[in-house]
Amino acid sequence: MTAEKKGAGHGEPSQCVLHIDGTETSRQQSNPTNNDDVSAGKPPLSNLSRTTSNNLGSVSTISRNQSNARKRSGPQKIQRTLSSASRGLDSLRFLDRTTTGREIDAWRSIEKRFDQFATNGKLTKENFGICVGMGDSKEFAGEVFDALARRRKVDATNGITKEELKMFWEDMTKKDYDCRLQIFFDLCDKNGDGKVTEDEVRELINLSATENKLTNLKKHAATYASLIMEELDPDHNGYIGIHHLETLLRGMVNANQPEKFHRRTETLTRAMIPRKYRTPVSKFLSHATEVILEHKKRICILTLWVAINIILIMWKSYEFRNSPLFKISGYCLSFAKGTAETLKFNMALVLLPVCRKTLTNLRSTFLNSFIPFDDNINFHKLIALAVAIQTGVHTLLHLACNYPKISTFPHERFMELAGPVFGRQPSYWDLMVTTVSITGFLMIFIMSFSFTLATHSFRRNVVKLPWPLSNLSGFNAFWYAHHLLALAYLFLIMHGYFLIIAKPWYLKTTWMYIVVPLLLYSHERVFARYQDLKVPVTIIKAVIYSGNVLALYMSKPPGFKYKSGMYLFVKCPDISSFEWHPFSITSAPKDDCLSVHIRALGDWTKELRNRFEKSKTMIKGGKLVEWVCEPPIATPERASLMRMETRAFSTSKNNVEDQQAQAAFPRITIKGPFGAPAQNYKKFDILLLIGLGIGATPFISIIKDLLNHMNPNLTFSPEPKKYPDRAYFYWVTREQASFEWFKGVMDDIADYDENNIIEMHNYLTSVYEEGDARSALIAMVQKLQHAKNGVDVVSESRIRTHFARPNWRKVFAHLTEIHQYSEIGVFYCGSPTLTKPLRDLCQEFTLETSTRFYFHKENF
């Protein structure tokens with residue numbers, strides 16, 4: 001299922017035969033409209049609106065032709081042809097799965113829950129939802145309970161028996177579309193008079209909005225109820241009948257047709273498998289080749305790194321075989337020295353992946369073809385793991401092998417071999433209190449503490465420690481503990497300088513390994529500090545959205561050049577003088593301002609949001625009311641949409657007001673920009689951008705850049721680099737309020753993307769999937785509102801919202817069908833849970849189709 005940007009037609013069957021009051025009426029409906037039509041730019045919004053209005057108008061004609069019949073005999077049952085009923089089988093359902101294929105087993109589980117929750121042999125209305133599997137929708141289940149009781153004429157005041165429950169369950173799972181439709185109508189018709197009034201429609205919209213967590217839609221329930229009555233009750237009778245409701249629901253009959261299309265496409269694609277993938281051996285070899293090609297940069301770097309470590313161990317171990325101490329300690333000392341050499345190398349190397357400014361500059365060089373800069377954090381973690389293992393091995397070899405052999409070796413023989421070096425034979429304790437041992441223990445303590453707080457459980461505050469250790473979890477603890485590693489490097493230098501076996505300073509290699517990385521890392525930190533002091537950032541606007549999201553619009557520092565997809569670090573000295581936090585840049589490179597969207601999840605981000613919230617109160621109490629931190633007011637009118645996300649502006653009238661406003665806002669400093677995987681999006685033919693929740697932020701900058709490129713009102717110098725031919729943006733969120741964050745961007749897509757280069761798909765996971773009775777009325781209202789006014793009732797923008805989660809396999813199958821022999825860049829930012837499924841799909845469809853997918857995951 002895909003989103004349509006510029007209107008939506010009702011996907012309705014071409015022909016329907018109704019038998020109302022004994023009279024057969026043929027009603028011609030419009031052909032189904034799918035996303036391919038919209039993508040091809042076929043019917044614009046106005047045409048679709050007229051088409052929808054004509055379809056609904058035909059229903060109104062039926063209503064007028066048979067008005068007298070209804071008044072005489074009341075609403076009659078609709079009879080359909082068998083084909084129509086079969087097509088509508090899966091279009092409306094009351095349970096998550098209407099049939100399991102093993103109905104007896106399904107009923108047994110319900111029967112067990114009846115025995116668990118029934119009182120005196122009867123199940124109450126309050127426990128009905130839990131019993132039938134609608135425990136998360138108790139209020140809606142209660143309304144279904146009442147509707148079924150009215151339908152079956154059952155007195156359910158004190159509950160229902162097991163036989164009545166089975167009767168209710170059979171009605172809800174029956175394969176008869178008319179039966180389900182009648183239940184849904186009874187759900188609306190609360191007084192059972194066969195007529196649904198506007199108040200009853202409004203009540204059901206309120207109930208559906210509550211069950212689907214659509215707070216904004218609930219505020220406009222009366223307006224949407226009036227819209228339904230306006231379309232379905234043109235004679236102003238004050239009610240609608242079941243045949244009107246059936247016409248509106250019929251738009252969901254073809255909901256599974258796109259699924260069948262994608263299934264046929266996927267089957268056809270798999271049938272056209274190349275020869276080299278047909279046998280198990282050739283498929284394995286081809287798959288291995290594809291994996292190597294996909295990860296060739298990672299494989300090369302890791303192979304080089306492992307080889308260097310092995311060479312250092314072998315070289316240092318062989319060197320000490322000629323030492324007199326080898327005859328005392330044997331391989332204990334040689335391997336201890338070998339691991340020490342790799343430790344020096346890795347302690348130096350671990351700094352390079354976090355030299356972000358240097359890596360950002362290197363991304364634009366030829367080295368980007370050989371080094372996987374996108375994996376810098378993962379490589380940093382891998383080196384840190386190697387340091388931890390090598391430290392453990394090095395320490396164990398000394399304490400458990402080398403020191404005991406030196407202290408217990410025969411005295412005469414020891415003095416003969418090592419007397420000139422030691423002077424006397426040391427005891428075990430003498431070796432433990434040397435500078436080498438003490439600095440080694442201090443390094444182990446600091447690194448163990450820092451590495452522990454850097455693990456996922458501590459950094460993400462998963463571990464809940466008792467007071468007073470509670471401050472040892474969270475990002476702040478990780479950040480400050482990592483700064484203690486500066487002491488570890490100091491002890492490392494001392495550890496390598498004050499050796500037990502004295503050497504000239506130019507033969508001591510520790511400082512040789514770490515001097516260049518330390519200078520490079522220190523230079524970046526000093527430069528960042530200089531940038532903070534010399535380049536102030538002015539807050540142009542601060543907007544606090546629902547969902548605890550703070551949008552900051554800042555002036556661009558001189559010389560601050562970046563690419564879409566990059567990120568920067570933000571610091572608020574009023575909160576902490578040392579804490580820096582990374583955020584994706586949401587403004588385009590050609591925008592006048594710099595913007596970031598920050599979700600308040602941790603202590604620092606929550607405090608930052610609160611500081612700006614307080615500044616809002618301060619400014620409201622003064623004269624500068626135009627600087628208040630409030631989001632644009634939502635309105636269905638297109639002309640009054642406030643495009644804060646795409647246009648930078650200042651509301652001040654003079655410098656004095658600027659200074660007063662800045663004094664009210666918290667101080668903000670930035671450093672960056674820094675490279676990210678998404679910045680290379682222009683090298684691909686097609687883009688597939690996937691963002692979960694606030695993970696949409698790195699891709700908003702890309703969308704804005706594409707919009708600026710195609711906007712005829714904006715004049716920029718011509719770009720020599722090509723842009724992608726198409727961009728598909730999937731934004732999946734669980735909160736309706738999230739759509740406020742980038743509403744202006746969504747409307748800009750509808751305004752300026754005349755060639756359908758950008759295809760945006762919004763998915764709201766808090767809403768039950770399309771076809772579920774709990775979201776059926778929401779889907780009806782959505783189609784009517786979008787067709788008539790061009791505004792989506794969920795996102796309150798011109799981009800339609802889909803319910804539940806995308807079927808990613810269908811998405812990839814669809815892309816391989818329409819973009820054969822293309823290179824598609826897949827960029828993902830969000831929960832790690834989806835990383836592996838998306839990467840596996842990229843590999844699978846790259847192997848089995850002519851389209852190549854390149855997966856990239858955003859990391860900070």
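Modeller: Start with Pro 673, which sits in strand E8. Bear in mind that this is a predicted model.

Colleague: What is the peptide bond from Gly 672 to Pro 673 called, and what makes it so?

Modeller: That bond is cis. Its omega is near 0 degrees. Most peptide bonds are trans.

Colleague: On to the overall picture. How many helices and strands are there?

Modeller: The chain has 34 helices and 14 strands. Its length is 860 residues, and 52% of them count as buried.

Colleague: What share of the contacts with a separation of 6 or more comes from residues 24 or more positions apart?

Modeller: The share is 75%.

Colleague: Is Asn 120 buried or exposed, and how do you know?

Modeller: Its relative accessibility is 78%. Exposed means over 50%. Therefore Asn 120 counts as exposed.

Colleague: Which value is flagged for Asn 756, and where is that residue?

Modeller: Its phi is near 55 degrees, a positive value in a residue other than glycine. Asn 756 is in the loop between helix H31 and strand E11.

Colleague: Is Asn 756 buried or exposed?

Modeller: Buried means under 20%. Asn 756 has a relative accessible area of 5%, so it is buried.

Colleague: Next, the cysteines. Why is the pair Cys 332 and Cys 401 called a disulfide?

Modeller: Their sulfur atoms are 1.4 Å apart. The cut-off is within 2.5 Å, so the pair qualifies. A search of the whole structure finds one disulfide.

Colleague: Which parts of the chain does the pair link?

Modeller: Distant ones: Cys 332 is in helix H18, Cys 401 is in helix H20, and they are 69 residues apart.

Colleague: Why do Cys 332 and Cys 401 count as buried?

Modeller: Both values are set against the cut-off of under 20%. Cys 332 has 9% relative accessibility, so it counts as buried. Cys 401 has 18%, so it counts as buried too.

Colleague: And what about Cys 355 and Cys 842: buried or exposed?

Modeller: Cys 355 has a relative accessible area of 1%, so it is buried. Cys 842 is at 1% relative accessibility, so it counts as buried.

Colleague: Where is Met 347, and what does it touch?

Modeller: Met 347 is in helix H18. Leaving aside neighbours within four places in sequence, it is in contact with Val 387, Met 447, Tyr 489 and Leu 492. At 7% relative accessibility, Met 347 counts as buried, because the cut-off is under 20%.

Colleague: How do you know that helix H30 has about the expected span?

Modeller: H30 has 14 residues and reaches 21 Å from its first C-alpha to its last. H30 is mostly covered, with 13 of its 14 residues buried.

Colleague: What makes a space a cavity rather than a pocket?

Modeller: In a cavity a 1.4 Å probe fits but cannot get out, whereas a pocket is open. The second largest pocket holds about 1,200 Å³ of space. Of its 39 lining residues, Val 354, His 380, Phe 478, His 482 and Tyr 521 lie nearest its centre.

Colleague: Which helix gives the largest share of each lining?

Modeller: For the largest cavity, it is H20, with eight residues. For the second largest pocket, it is H27, with eight residues.

Colleague: How do the linings divide by residue type?

Modeller: The cavity lining has 21 nonpolar, 11 polar and six charged residues. The pocket lining has 26 nonpolar, six polar and seven charged.

Technical notes:
Residues numbered from 1 in each chain as written. Predicted model: local features only at pLDDT ≥ 70, side-chain atom pairs only at ≥ 80, totals over all residues. Heavy atoms only, no water. Helix = DSSP H or I, 4+ residues; strand = E, 2+ residues; numbered from the N terminus. Expected span 1.5 Å × (residues − 1). Buried < 20%, exposed > 50% of the residue type's maximum accessible area, 1.4 Å probe, protein only. Nonpolar A, V, L, I, M, F, W, Y, C, P; charged D, E, K, R; others polar. 1 Å grid on protein atoms, 1.4 Å probe; cavity = no way out; pocket = protein on both sides within 12 Å on 5 of 7 lines; lining within 4 Å. Points joined across faces, edges and corners; volume = space filled by probe spheres on them. Contact = heavy atoms within 4.5 Å.
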